[in-house]
Every structure is written in C-alpha cells, then in structure tokens.
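This briefing covers one protein chain.

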Amino acid sequence: MKSAGPSIISADLRIIGDLSSDGEIQIDGTIDGDIRTKSLLVGETANIKGEIVADRVQVHGTINGQIKARSVTLARSARVIGDILHEDLAIENGAFLEGHCKRLVEKKDVDAVRQTIASAAAPKTAPAAAE
C-alpha cells in the first residue's frame with residue numbers, strides 16, 4: 001500500500017476520542033483520547049490527554065499520559081506528565097518531565113509495542129446487519 005502523507009490536526013481543532021494510523025500524525029491541537037500510530041509529531045501548541053503508542057514520538061508540546069515508543073524525543077518546549085516506556089530516549093535541556101522512564105530492553109516489550117501499533121492500524125470489519 002502506498003504511504004499516505006501525514007495527518008495533521010491543526011491548532012484550532014479539538015478531538016475527543018482515539019486516533020489510529022499506520023502512518024504519521026502531526027498534532028498541533030487538542031486530543032482527549034489515546035493515539036496509536038507509527039510516527040507522532042506533537043507540536044508546541046498541542047495538548048494531549050491519553051496514552052500514546054508509536055514507533056517514534058517527537059514532543060514539542062504538552063502530554064498528560066503514558067508514552068510507549070521505540071524512540072522518544074522531548075524538545076526543550078516539551079511538557080510531559082506521565083511515564084515513558086522507550087528503547088531510545090533523548091531529552092533536550094529545558095524539557096519538563098514528571099514521571100518515570102523505563103527502557104524497553106526485552107525484545108518481547110518492543111514486539112508488544114509494534115504489535116499494538118499494527119493491530120490498531122489493521123482494517124476493521126463491521127459485522128453484517130441482520131435483517
């Protein structure tokens with residue numbers, strides 16, 4: 001399947017509910033819900049309340065919730081309240097983090113994150129309506 005471009009949630013948009021993608025999501029608005037995607041860019045104006053499961057996460061804005069990702073980068077403008085489960089973690093000087101950081105060293109932990117992303121991105125079939 002051809003890769004689609006990134007999905008962008010702009011600064012003036014608020015979404016209540018979960019987001020799921022097998023591509024890239026850029027968030028500049030407000031999300032109240034969980035996010036599962038391959039790659040997530042959290043802009044400076046973004047405010048997310050919920051769990052994030054991704055392969056790669058770059059944070060420039062605010063997150064209240066747990067982050068599970070292979071690679072996590074907190075920019076100097078990042079504000080994260082919640083635990084971070086990661087394989088690689090980079091924190092720039094000035095970033096705010098209140099929570100625990102745990103490295104996913106076990107292959108099964110990394111595989112579990114990848115499997116969660118893959119299952120969230122898999123097409124869902126609706127049950128046939130009974131008549």
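**Ser71 and its surroundings**

Leaving aside neighbours within four places in sequence, Ser71 is in contact with Asp55, Arg56, Val57 and Asp88. The model is predicted, and the values below are computed from it.

**Ser71**
- Ser71 is found in strand β10, a strand that spans residues 67-74.
- The relative accessible area of Ser71 is 16%, so this residue is buried, the cut-off being under 20%.

**Strand β8 and its partners**
- Strand β8 covers residues 52-59, and six of its eight residues are buried; the strand is therefore largely enclosed by the rest of the structure.
- On one side of the pairing list is strand β6 (residues 35-42), which runs parallel to β8 and is joined to β8 by seven bridges.
- Within that pairing, Ile35 has Ile52 of β8 as its bridge partner.
- Strand β10 also pairs with β8, in the parallel sense and over seven bridges.
- Here the bridge partner of Gln58 is Thr73, in β10.
- In a regular strand, side chains alternate between the two faces of the sheet.

**Asp28**
- Asp28 sits in the loop between β4 (24-27) and β5 (30-32).
- Is Asp28 buried or exposed, and which side chain of opposite charge is nearest? Asp28 is buried and has no salt bridge; the nearest side chain of opposite charge belongs to Arg76, 15 Å away.
- The side chain of Asp28 does make a polar contact with the side chain of Gln26, at 3.1 Å.
- Beyond neighbours within four places in sequence, the residues in contact with Asp28 include Ile8, Ile9, Ser10 and Ala11.
- Gly43, Thr45 and Ala46 are also among the contacts of Asp28.

**Whole chain**
- Of the 131 residues in the protein chain, 34% are buried.
- Among contacts in the protein chain with a separation of 6 or more, 8% are between residues 24 or more positions apart.
- The protein chain exposes about 7,800 Å², and 49% of that area is supplied by carbon and sulfur atoms.

Technical notes. Residues numbered from 1 in each chain as written. Predicted model: local features only at pLDDT ≥ 70, side-chain atom pairs only at ≥ 80, totals over all residues. Heavy atoms only, no water. Buried < 20%, exposed > 50% of the residue type's maximum accessible area, 1.4 Å probe, protein only. Helix = DSSP H or I, 4+ residues; strand = E, 2+ residues; numbered from the N terminus. Pairing = 2+ DSSP bridges. Lys, Arg positive; Asp, Glu negative; His and termini not counted. Salt bridge = Lys/Arg side-chain N within 4 Å of Asp/Glu carboxyl O. Polar contact = N/O pair within 3.5 Å; in protein donor to acceptor, adjacent residues only side chain to side chain. Contact = heavy atoms within 4.5 Å. Areas by Shrake-Rupley, 256 points an atom, 1.4 Å probe, with all protein chains shown as cover.
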